[in-house]
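Grab a pencil and work through these exercises with the model open beside you. Each task comes with a step-by-step solution.

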Amino acid sequence: MSTETAKKPSVLFVCVHNAGRSQMAAAFLTTLGKGRIEVRSAGSQPADKINPAAVEAMAEVGIDMSAEVPKVLTTEAVKESDVVITMGCGDECPYFPGKRYEDWVLEDPAGKGVASVRPIRDQIKDRIEDLIESLIPAAK
């Protein structure tokens, strides 16, 4: 592992289905982080596919996440991450001392149309911008 890789902070986004909120957050962090942050997402009970309204809402802001698939949450993913951000998965997320945990309370976009997903997307983007500033202070 190169020293550059070792210094890169890593973030894991977790929600129940890994089909909406956590996928949008991961897509924003991947795009806005410009490769400076390692990004993972997972779900405690992954859905069969990504929420189409979330895909559409992200496409409206120029981010294509149509190829993403929900992934199951593993203990390894939590262990390998510096920051674990949960979005409504409650106690199903494993806890390891020394990690930075945040719980983002966001409306679940499941079953909602794109008009209802847009405000959730925008809230996630604002939080991602703050997260990047906290992980890479010179990012402002």
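**Exercise 1. Find the residues with the most contacts inside the largest nonpolar core, then trace which elements supply it.**

Step 1. The largest nonpolar core holds 32 residues, and Val11, Phe13, Ile128 and Leu131 have the most contacts inside it. Here a nonpolar core is a set of buried Ala, Val, Leu, Ile, Met, Phe, Trp, Tyr and Cys residues joined through side-chain atoms within 4.5 Å; buried means under 20% relative accessible area, exposed over 50%, partly exposed in between (1.4 Å probe, protein chains only).

Step 2. Two or more residues each come from β1 (10-15), α2 (21-32), α3 (52-60), β3 (83-87) and α5 (114-135). Helices (H or I, at least four residues) and strands (E, at least two) are DSSP runs, numbered from the N terminus. The top contributor is α5, with eight residues.

Step 3. Look apart from this core and you'll find another, of 10 residues, including Val16, Val78, Cys89 and Cys93.

A word on ground rules: this is a predicted model, so local features need pLDDT of at least 70 and side-chain atom pairs count only at pLDDT 80 or more, while totals for chains, interfaces and linings use all residues. Residues are numbered from 1 along each chain as its sequence is written, and side-chain values use heavy atoms, with hydrogens and water left out.

**Exercise 2. Work out the strand order of the sheet and name its edges.**

Step 1. The open sheet has four strands, in the order β2-β1-β3-β4, with parallel pairing. Two strands pair if DSSP finds at least two bridges between them.

Step 2. Now zoom in on β1 and β3: five bridges join them, and Val14 has Thr86 in β3 as its bridge partner.

**Exercise 3. Is Thr86 buried or exposed, and what does its side chain contact?**

Step 1. Thr86 counts as buried because its relative accessible area is 9%.

Step 2. Its side chain makes a polar contact with that of Asp103 at 2.8 Å. A polar contact is a pair of N or O atoms within 3.5 Å; within protein, one must be able to donate a hydrogen and the other to accept it, and residues adjacent in sequence count only if both atoms are side-chain atoms.

Step 3. Skipping residues up to four places away in sequence, Thr86 touches (heavy atoms within 4.5 Å) Val14, Cys93, Glu102, Asp103 and Trp104.
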